[in-house]
Amino acid sequence: MLPVVDPKGSRTFRQILVTAVALVGVSLLPVIAGLAGMIYFFGALLLSVALLQVCVWAASAKTNSQAKWLMHATVAYIPLLLVLMVYDKILR
């Protein structure tokens, strides 16, 4: 959903990119804290880079279609991370 106060979407997508970059680091914190292992680390890194790629793709196009793809990617991101964490815990 694009805001009305930013019709071109430049500020909105800049904020999306900044938070997506921050999310890469935050998603790796369970490994640093010792709550997850290397399977989670590489899986979370892969998922985060994929989400970041979708963010860059949406920011470059700035269309409703890409914004919908971004919404679906962000909705799927957290459950996939949690499944990955459970899978990593079962194998340890």
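Analyst: What follows goes from the overall fold to single residues.

Analyst: This is a predicted model, where local features need pLDDT of at least 70, side-chain atom pairs count only at pLDDT 80 or more, and totals for chains, interfaces and linings use all residues. Residues are numbered from 1 along each chain as its sequence is written, and side-chain values use heavy atoms, with hydrogens and water left out.

User: How many helices and strands are there in the chain?

Analyst: The chain has four helices and zero strands. Helices (H or I, at least four residues) and strands (E, at least two) are DSSP runs, numbered from the N terminus. The pattern along the sequence is α-α-α-α.

User: What box do the C-alpha atoms fill?

Analyst: Roughly 50 × 20 × 15 Å, taken along the principal axes.

User: And what share of the residues is buried?

Analyst: Buried residues are 29% of the 92 in the chain. Buried means under 20% relative accessible area, exposed over 50%, and partly exposed in between (1.4 Å probe, protein chains only).

User: What about contacts between residues 24 or more positions apart?

Analyst: They account for 64% of the contacts in the chain with a separation of 6 or more. A contact means heavy atoms within 4.5 Å.

User: Take α1. What does it reach from its first C-alpha to its last?

Analyst: Helix α1 covers residues 10-27, 18 residues in total, and reaches 26 Å, close to the 26 Å expected at 1.5 Å a residue. The expected span is 1.5 Å times one less than the number of residues.

User: Which residues of α1 are buried?

Analyst: Thr12, Phe13, Ala20, Val24 and Ser27. They cover an arc of only 120° around the axis, so they sit on the same side of α1. The arc is that of the directions from the helix axis to the C-beta atoms.

User: Why do residues three or four places apart point the same way in an α-helix?

Analyst: Because an α-helix has 3.6 residues a turn.

User: What covers the buried residues of α1, and what is exposed on the other side?

Analyst: The cover includes α2 (29-32), α3 (38-61) and α4. Gln15 and Val18 are exposed on the other side of α1.

User: Cys55 next. Buried or exposed?

Analyst: Cys55 lies in helix α3 and counts as buried because its relative accessibility is 3%. Leaving aside neighbours within four places in sequence, Cys55 is in contact with Ile16, Leu17, Ala20 and Leu70. Ala20 is also one of the buried residues of α1.

User: Where is Gly37?

Analyst: Gly37 is in the loop between α2 and α3, and is buried at 11% relative accessible area. The contacts of Gly37, leaving aside neighbours within four places in sequence, are Val31, Asp88 and Arg92. Gly37 and Arg92 are 55 residues apart along the chain, with their C-alpha atoms separated by 7.8 Å.

User: Switching to the surface. Which residues make the nonpolar patch?

Analyst: Ile39, Val86, Tyr87, Ile90 and Leu91 make a patch of about 500 Å². The largest share, four residues, comes from α4. Ile90, in helix α4, counts as exposed at 63% relative accessibility.

Definitions and conventions: Patches are made of residues with over 30% relative accessible area and no salt bridge: like charges are joined within 9 Å, nonpolar side chains (Val, Leu, Ile, Met, Phe, Trp, Tyr) within 5 Å. Accessible areas come from the Shrake-Rupley method with a 1.4 Å probe; for residues, only the protein chains shown count as cover. A salt bridge is a side-chain nitrogen of Lys or Arg within 4 Å of a carboxyl oxygen of Asp or Glu.
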